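Let's take a walk through this one together. Keep the viewer open and click along as the residues come up.

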Amino acid sequence: MKDLVIFGASGFGREVAWLVERINNISPEWNLLGFMDDDDSIQGTYINGYKVLGKTEDVKRYTDSYFVCAIGSSKVRESIINNLKRINPNIKFGILIDPSVEISNTVIVGEGSILCAHTIATVNITIGKHVIINLDCTIGHDAIINDFATIYPSVNISGTTCIGYCSELGTGTQIIQGKKIGDYSIVGAGAVIIKDMPDNCTIVGVPAKPI
């Protein structure tokens with residue numbers, strides 16, 4: 001088994017710990033050492049049975065461990081990963097895929113990415129590094145999801161779409177085939193995307209528009 005540390009001990013971090021337990025119930029793969037988090041108030045405590053091991057600077061004490069970052073905000077996750085790499089240039093990142101995920105062997109998943117329960121990823125999809133795909137999402141053929149994107153629960157991404165770097169798709173977003181979401185853009189919950197969207201904007205509505 002490989003040692004694993006989850007960075008982020010809040011709600012999603014606890015869900016990721018449960019995901020690791022679900023993986024190990026099928027085939028023991030990860031020895032979950034605990035959490036890291038920069039919150040002073042929880043240092044040394046136990047959360048759902050796992051210890052909070054330290055803060056960002058303590059990553060250097062875990063040179064043989066793998067890490068994942070369980071922080072929903074794409075920009076915050078990008079910043080944390082960059083800091084972890086600065087402290088330990090040789091840091092290793094795991095890939096976590098819930099056993100219930102339906103995923104073909106033609107899907108590429110980058111390091112540090114997390115795919116949560118009951119998601120479906122069909123064929124010839126590229127999922128970048130440190131991507132979070134939350135519960136019950138669907139991703140169609142030939143889609144590209146760039147690094148640090150966050151896909152919240154029950155999002156439907158049709159084929160040949162492109163989800164931009166460090167973008168976020170709110171719960172229940174639907175995207176028709178062939179459309180592009182720009183880098184660092186945030187799509188509001190329940191939006192329906194029927195045309196390409198630019199970089200660095202907030203997108204809401206049915207049909208969705210930048211605001």
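This is a predicted model: local features need pLDDT of at least 70, side-chain atom pairs count only at pLDDT 80 or more; totals for chains, interfaces and linings use all residues.

Numbering runs from 1 along each chain as its sequence is written, and side-chain values use heavy atoms, with hydrogens and water left out.

Zoom out first. The protein has two helices and 25 strands; these are DSSP runs numbered from the N terminus, with helices being H or I over at least four residues and strands being E over at least two. Its radius of gyration is 17 Å, close to the 17 Å from the globule rule for 211 residues, so the protein is as compact as a globular protein of that length. (That radius is taken over C-alpha atoms, and the rule is 2.2 Å times the number of residues to the power 0.38.) Along the principal axes, the C-alpha trace spans about 45 × 35 × 30 Å. Of the 211 residues, 48% count as buried, where buried means under 20% relative accessible area, exposed over 50%, and partly exposed in between, using a 1.4 Å probe and protein chains only. Taking contacts (heavy atoms within 4.5 Å) between residues at least 6 apart in sequence, 30% join residues at least 24 apart.

Now for the charges. Side chains of opposite charge can pair when their charged atoms come close. The cut-off here is a side-chain nitrogen of Lys or Arg within 4 Å of a carboxyl oxygen of Asp or Glu, and by that rule there are four salt bridges. One of them joins D98 and R22, with the closest N and O atoms 2.6 Å apart. This pair ties together distant parts of the chain, as D98 sits in the loop between β7 (96-97) and β8 (102-103) while R22 belongs to helix α1 (residues 11-26), 76 residues apart. D98 is buried at 3% relative accessibility, whereas R22 is partly exposed at 24%.

Another bridge pairs D40 with K55, at 2.0 Å from N to O. Here too distant parts of the chain are linked: D40 is in the loop between β2 and β3, K55 in the loop between β4 (50-52) and β5 (66-69), 15 residues apart. D40 counts as exposed, at 55% relative accessibility. There is also a bridge between D58 and R61, whose closest N and O atoms are 3.6 Å apart; D58 is buried at 18%.

D37 is buried yet has no salt bridge, and the nearest side chain of opposite charge, K55, is 8.9 Å away. (Lys and Arg count as positive, Asp and Glu as negative; His and the chain ends are not counted.) The D37 side chain does reach the backbone nitrogen of D39, at 3.0 Å. Beyond four places in sequence, the contacts of D37 include F7, G8, S10, V52 and K55.

Step back into strand β2 and you find G34, buried at 0% relative accessible area. G34 and L4 are 30 residues apart in sequence, but their C-alpha atoms are 7.5 Å apart. Past its sequence neighbours within four places, G34 touches L4, V5, I6, Y50, K51 and L53.

What about the cysteines? The structure holds zero disulfides, a disulfide being a pair of cysteine sulfur atoms within 2.5 Å. The sulfur of C116 is 8.2 Å from the closest cysteine sulfur, in C137, which is too far for a bond. For C162, the nearest cysteine sulfur is that of C166, 14 Å away.

C166 is also worth a click for its backbone: phi is positive, about 60 degrees, although C166 is not a glycine. C166 lies in the loop between β18 (162-163) and β19 (168-169) and is buried at 3%. F148 likewise has a positive phi, near 65 degrees, in the loop between β15 (144-145) and β16 (150-151). Finish at the peptide bond from V206 to P207, which is cis with omega near -5 degrees.

Notes: A polar contact is a pair of N or O atoms within 3.5 Å; within protein, one must be able to donate a hydrogen and the other to accept it, and residues adjacent in sequence count only if both atoms are side-chain atoms.
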